[in-house]
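Subject: Structure handover

Hello,

Here is the structure I promised to pass on. My notes on it follow below.

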Amino acid sequence: MTPSTVVELGRVAVEVTLLVATPMFLAALVTGLVVSIFQAATQINEMTLTFVPKLVAMFLTLVIAGPWMLTLLTDYMRRLFESIPAIIG
């Protein structure tokens with residue numbers, strides 16, 4: 001196993017991780033922004049008001065984007081397992 005192979009495996013792993021995490025991060029970011037604007041407009045500073053909508057948005061995102069994320073992860077793992085013989089010898 002050469003250093004370039006290790007770097008390539010690490011790069012692809014980070015890329016897949018970012019692709020899988022992006023929908024959840026975007027849902028939390030957009031929901032947090034909307035709730036913050038609502039709190040600033042109404043001057044309501046309740047901590048549960050920020051937590052519960054983010055939780056619901058992330059759950060809905062997981063339900064909607066979950067199959068795509070699972071397919072992406074399983075494809076990566078399949079390619080990784082299939083490349084083991086080429087990596088070892």
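A residue is called buried when its relative accessible area is under 20%, exposed when it is over 50%, and partly exposed in between. Gln39 has a relative accessible area of 11%, so Gln39 is buried. Please keep in mind that this is a predicted model.

Overall layout

The protein chain has three helices and zero strands. From the N terminus on, the order is α-α-α. The radius of gyration is 19 Å, well over the 12 Å that the globule rule gives for 89 residues, so the chain is more spread out than a compact globule. The C-alpha trace spans about 65 × 25 × 15 Å along its principal axes.

Of the 89 residues in the chain, 21% are buried. The chain exposes about 6,600 Å². Carbon and sulfur atoms supply 77% of that area. Take the contacts with a separation of 6 or more: residues 24 or more positions apart account for 69% of them.

On charge, there are 4 positive and 5 negative side chains. The centres of the two sets lie 2 Å apart.

The nonpolar core

Which residues make up the largest nonpolar core? There are seven: Val12, Val16, Val20, Ala65, Met69, Leu72 and Tyr76. H1 and H2 are the elements that give two or more residues to this core. H2 provides the largest share, four residues. As a general point, nonpolar side chains tend to be buried together in soluble globular proteins.

Leu72 is one of the core residues, and its place is in helix H2. Its relative accessibility is 19%, under the 20% cut-off, so Leu72 counts as buried. Leaving out residues up to four places away in sequence, Leu72 touches Val16, Leu19 and Val20. Val16 and Val20 are also members of the core. In the other direction along the chain, Leu72 and Ala86 are 14 residues apart, and their C-alpha atoms are separated by 22 Å.

Setting aside neighbours within four places in sequence, Gln39 is in contact with Ile44, Asn45, Glu46, Leu49 and Thr50.

Leu49, one of those partners, lies in helix H2. Is Leu49 buried or partly exposed? Leu49 is partly exposed, because its relative accessibility is 26%. With residues up to four places away not counted, Leu49 touches Val35, Phe38, Gln39 and Ile44.

Gln43 sits in the loop between helix H1 (3-42) and H2. Its phi is near 55°, a positive value in a residue other than glycine. At a relative accessible area of 69%, Gln43 is exposed.

Further along H2

Thr61 lies in helix H2, which covers residues 47-82. Its relative accessibility is 16%, so Thr61 counts as buried. What does Thr61 touch, not counting residues up to four places away in sequence? The list is Pro23, Met24, Ala27 and Gly66.

Gly10 is found in helix H1. It counts as partly exposed, at 31% relative accessibility. Gly10 and Leu26 are 16 residues apart in sequence and 24 Å apart in space, C-alpha to C-alpha.

Glu15 is in helix H1 as well. Its relative accessible area is 40%, so Glu15 is partly exposed. Glu15 and Gly66 are 51 residues apart in sequence, and 17 Å apart in space, C-alpha to C-alpha. Gly66 is also one of the residues that Thr61 touches.

In brief

Three helices, zero strands. The chain is more spread out than a compact globule. The largest nonpolar core has seven residues, with four of them from H2. Gln43 in the loop between H1 and H2 has a positive phi and is exposed.

Best wishes

Notes. Residues are numbered from 1 along each chain as its sequence is written. This is a predicted model: local features need pLDDT of at least 70, side-chain atom pairs count only at pLDDT 80 or more; totals for chains, interfaces and linings use all residues. Side-chain values use heavy atoms; hydrogens and water are left out. Buried means under 20% relative accessible area, exposed over 50%, partly exposed in between (1.4 Å probe, protein chains only). Contact means heavy atoms within 4.5 Å. The radius of gyration is taken over C-alpha atoms; the globule rule is 2.2 Å times the number of residues to the power 0.38. Accessible areas come from the Shrake-Rupley method with a 1.4 Å probe; for residues, only the protein chains shown count as cover. Lys and Arg count as positive and Asp and Glu as negative; His and the chain ends are not counted. The place of a charge is taken as NZ of Lys, CZ of Arg, CG of Asp or CD of Glu. A nonpolar core is a set of buried Ala, Val, Leu, Ile, Met, Phe, Trp, Tyr and Cys residues joined through side-chain atoms within 4.5 Å.
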